[in-house]
Amino acid sequence: MSAALHPGPVPSPGKLIWNGILAENPVFRLALSLCPAVAVTNTVVNGIMLGVAVLLVQVLSSCTVALAKGLIHPRVRIPVYTIIIAVWVSAIDMTLAADFPALYAQVGLYVKLIVAFAIIISRMELFSMKHSVVPSFWDGLGMGLGFLVGLVLAGAFRELLGSGSIFGIAVLPFKPLLLVVLPAGGFFTIGLIMAMFNWVDVKRGHKLPSGGGGAHG
């Protein structure tokens with residue numbers, strides 16, 4: 001029997017947004033799609049571009065699955081998810097290539113790889129197949145914003161310390177720690193921000209999560 005027949009209670013839009021940005025942030029909580037996050041976030045602008053692309057794909061894919069869930073057979077749902085994501089990724093990829101060619105040259109490869117991002121498929125499976133379009137929109141928006149926030153935070157930290165600039169504008173007369181713009185520095189940056197998230201949770205009296213989602217694509 002399809003999981004869509006057992007939707008359960010529908011969280012409020014505010015709760016879904018908060019959940020995606022902080023409580024279950026895809027990068028700093030669930031540790032999903034870390035490889036592209038590390039590869040792209042050497043500048044804030046790159047992080048914003050990939051983050052916006054993921055946000056759009058997440059929202060559009062979640063809404064599409066919520067609309068079509070009655071037509072999706074449980075045995076083929078994963079291939080169907082992949083096809084839906086691929087369609088939206090292709091549309092956004094072509095739009096970015098046409099309108100932002102300079103930025104696209106730096107992050108275009110990772111835009112194409114959004115098809116394999118675990119966070120998008122997981123929300124389609126865990127939420128969109130069980131809820132209607134409106135809650136799925138808010139869930140997709142929350143998770144997309146969470147990924148965007150993660151990339152922007154990591155990009156700002158790495159660009160400032162590694163290049164001494166923000167948005168390409170020099171704010172420091174030197175490069176404090178060039179290592180952070182390298183891949184190893186990206187993992188260090190994300191780990192540091194994860195630790196900050198956990199520290200805030202402990203201070204608020206919450207328990208730390210027992211495990212993460214793994215560094216999946």
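First, a cut-off to keep at hand: I call a residue buried when its relative accessible area is under 20%, exposed when it is over 50%, and partly exposed in between. I also remind myself that this is a predicted model.

**Aromatic pairs.** I searched the whole structure and got 3 aromatic pairs. I looked at F117 and F147: their ring centres are 5.9 Å apart and their planes meet at 45 degrees, so I noted the pair as tilted. F117 sits in the loop between α5 (101-112) and α6 (118-128), while F147 belongs to helix α7 (residues 133-163), so this pair ties together parts that are 30 residues apart in sequence. F117 and F147 are both buried.

Next I checked F137 and W138. Their ring centres are 5.2 Å apart with planes at 75 degrees, so this pair is edge-to-face. F137 is partly exposed, at 31% relative accessible area, and W138 is partly exposed too, at 28%.

**Nonpolar cores.** Which residues have the most contacts inside the largest nonpolar core? I found I114, I120 and I190, in a core of 40 residues. At least two residues of this core come from each of α2 (34-40), α3 (44-68), α4 (77-99), α5, α6, α7 and α8 (183-203).

I then listed the neighbours of I120, leaving out residues up to four places away in sequence: I120 touches V57, Q58, S61, I85 and I114.

Last entry: another core, of 5 residues, lies apart from the largest one. Among its residues are I17, L55, C63 and L141.

Note on methods: Residues numbered from 1 in each chain as written. Predicted model: local features only at pLDDT ≥ 70, side-chain atom pairs only at ≥ 80, totals over all residues. Heavy atoms only, no water. Phe/Tyr/Trp six-rings, centres within 6.5 Å; stacked < 30°, edge-to-face > 60°. Helix = DSSP H or I, 4+ residues; strand = E, 2+ residues; numbered from the N terminus. Buried < 20%, exposed > 50% of the residue type's maximum accessible area, 1.4 Å probe, protein only. Core = buried A, V, L, I, M, F, W, Y, C linked by side-chain atoms within 4.5 Å. Contact = heavy atoms within 4.5 Å.
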